[in-house]
Amino acid sequence: MVNSTSEQVRYDLAVIGAGPAGLAAADAAAGLGLRVALVDAGAGLGGQYYRHPAPELGAARPDKLHHGWRTFAELRERLAAAPLVDHLAGHHVWAAERGEDWILHATRGPEAADRATVTARCLLLATGAYERQLPFPGWTLPGVVTAGGAQAMLKSGLVLPGRRIVVAGSGPLLLAAASSLAAAGARIPAIVEATAYLGYARGLPVLAGNPAKLAEGAEHAARLLRHGVRLRRRSAVVEAHGTDRITGVTVARLDARWKPVPGTERRIDCDALAVGHGLVPQIDLAVELGADTVTTADGTAALRVDAQQRTSVPGLWAAGETCGVGGADLALAEGVLAAHSVAGKPAPARELTVRRRRRAFAALMAAAHAPGPDWTGWVTDDTDVCRCEEVPARAVREAVTELGAADARTVKLLTRAGMGWCQGRMCGPAVACLSGGPVGRPDSRPLSCPVPLAQLAQRDGTTELSE
Amino acid sequence: MDPLELVGAEPGPARTILFDGRPVSALPGQTLAAALWADGVVAWRTTRVGGRPRGAFCGIGQCFDCLATVNGRPNQRLCLLTAEHGDAVTTQEGHGHGELDV
Ligand SMILES: Cc1cc2nc3c(=O)[nH]c(=O)nc-3n(C[C@H](O)[C@@H](O)[C@H](O)COP(=O)(O)OP(=O)(O)OC[C@H]3O[C@@H](n4cnc5c(N)ncnc54)[C@H](O)[C@@H]3O)c2cc1C
Ligand code: FES
């Protein structure tokens, strides 16, 4: 594997994202004789699930923070020895263009010369997901971090956001995060989960078909039990307290629609809060190309793919969380299946089985953890909904009730919510809910990340994109 | 138990960065945000409208809450930048929309 850009090379396949899906795809594609560019914004391989300490940290036992570390170590080793794969690290792709070939536009840094393009015959989108945030009073205080962010900072930098960390929100990532934070020495006064987990009970046959998933969950549960961590179900953090840093949270019981039940509030002291409500597929590049999407059971937009992982756009494949959040094993299987389709080879039976089982499991999880319709009950009028532009819920509500806005797009134009640096990734789902419009519509982001103007200007025919 | 002990880390010698002029040590390979967390610092910017403190939120480059000025260049995401010896991180007030930087 070469670690550099080769602007002259015309690749058979460009893979965007070097997480489980992208790694498995690049490995399988090279095995089938394809010339592959594996492009990732990050410096290393692994994506979210296999995020690991920087090599200079000299971790002798990185597997302590991972399930399935061996799978990653083997993939990494095979890719390092694969002459057909170029790893283009530190390349953030901000647009994909279809001509005779695909042309990817990427940025590697702030200077005009940090622009790069990659040319390929076929394109696989394996860009993963980002966390869904539902705002509550105090969520902008320092020490409040995302559950996946706490996990990522721990896995890569071996650091904790505090000593006493409440873990809250909804979804399986909470258990994974709490389990590693506790193992790394943090006190976890509580895991606060909004659902009752009852949804799982209805899907027993699906659970039985996914023993590996069960084992992983059981391992987290055992570790949490060992550390004396309590799981509070049907509850939510309805306020974070503090002035310059979080000092505690108020937790309340929720009814079945996620409405806080008055009189059930309890205060828990902490110096950090790790919070998240599931994941949202990161699909901007494909949405800008007009790819069809589906709405998942938990109200997010994912790419629609066929049995061969092909999107509705010719020459564009997708694998992993971009097709709906389902975890690392599913991502690995879909990566392999996509590579076979690109190479025109029949799909391997093992991966077909894994995909079928894990997709069913994912649908079950999504339905179980879908936010209840009344969560907005804990959002006070002066809670900032948009962190970047500091737009309070009051402004969003007024845009709806007084100015007649009926969807997120109109609210955005009237209030600037979602117009800041993160391009609505943090507030998008919340704004959609508060505006009463449809949820699960894909957001439009013509540029998938901020691009220095000097680099934008170099792209032919893009004057409409540069301000 | 701490995170380094958990994974049996034996990092090389620490680097020193400057946070608003104060020396803070950073382990090799850690991001600037990680080095500040390890030092107990969780805020390094104030917001444009409310003047409220902010630090790292998403930890993976997506929220842009962790912006600060690094070696004179404003609006840098500290969760993405590896700490290098002598890096000067300065608290940032507000954020300039003038220059769209990565
Ligand atoms: C912050 C976070 C932490 C998580 N931690 C865990 C965990 O501890 N345990 C667990 O079971 N699941 C975790 N997950 C869930 C995660 O989604 C996994 O299920 C798994 O990593 C998904 O694999 P993937 O290959 O689909 O995507 P990912 O692993 O997310 O990989 C996507 C890759 O694409 C790259 N990328 C995205 N956009 C671009 C672009 N425009 N240009 C270039 N590169 C791009 C990213 O840098 C990333 O490396 C986490 C998710 C998040 C968001
Ligand atoms: S913490 Fe979100 S971008 Fe750095």
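Mentor: Let's start with one pair of residues: A:Gly242 has A:Ile246, in strand 13 of chain A, as its bridge partner. Before going on, please note that this is a predicted model, in which local features need pLDDT of at least 70 and side-chain atom pairs count only at pLDDT 80 or more, while totals for chains, interfaces and linings use all residues. Residues are numbered from 1 along each chain as its sequence is written, chains are lettered from A and ligands numbered from 1 in the order in which they are written, and side-chain values use heavy atoms, with hydrogens and water left out.

Strands here are DSSP runs of E with at least two residues, and helices are runs of H or I with at least four, numbered from the N terminus. Strand 13 of chain A covers residues 246-253, and six of its eight residues are buried, that is, under 20% relative accessible area with a 1.4 Å probe, protein chains only, where over 50% would be exposed and in between partly exposed.

What does this strand pair with? Seven bridges link strand 13 of chain A to strand 12 (residues 235-242) of chain A in the antiparallel sense; two strands pair if DSSP finds at least two bridges between them. Three residues make the hairpin that connects strand 12 of chain A to strand 13 of chain A. Strand 13 of chain A also runs antiparallel to strand 14 (residues 266-269) of chain A, with four bridges between them. In strand 14 of chain A, A:Ile268 is the residue opposite A:Val249.

Elsewhere in chain A, an open sheet of five strands has the order 8-15-9-10-11, with parallel pairing. Strand 8 (144-146) and strand 11 (231-232) of chain A are its edges; each has a single partner strand, so one side of each lacks a neighbour in the sheet. Strand 11 of chain A pairs in parallel with strand 10 (residues 191-193) of chain A over two bridges, and A:Val192 sits opposite A:Arg232 there.

Finally, the partner chain. Contact, meaning heavy atoms within 4.5 Å, involves 50 residues of chain B and 53 residues of chain A. Three salt bridges cross this interface, each a side-chain nitrogen of Lys or Arg within 4 Å of a carboxyl oxygen of Asp or Glu. One of them joins B:Arg48 and A:Glu389 at 3.3 Å, N to O.
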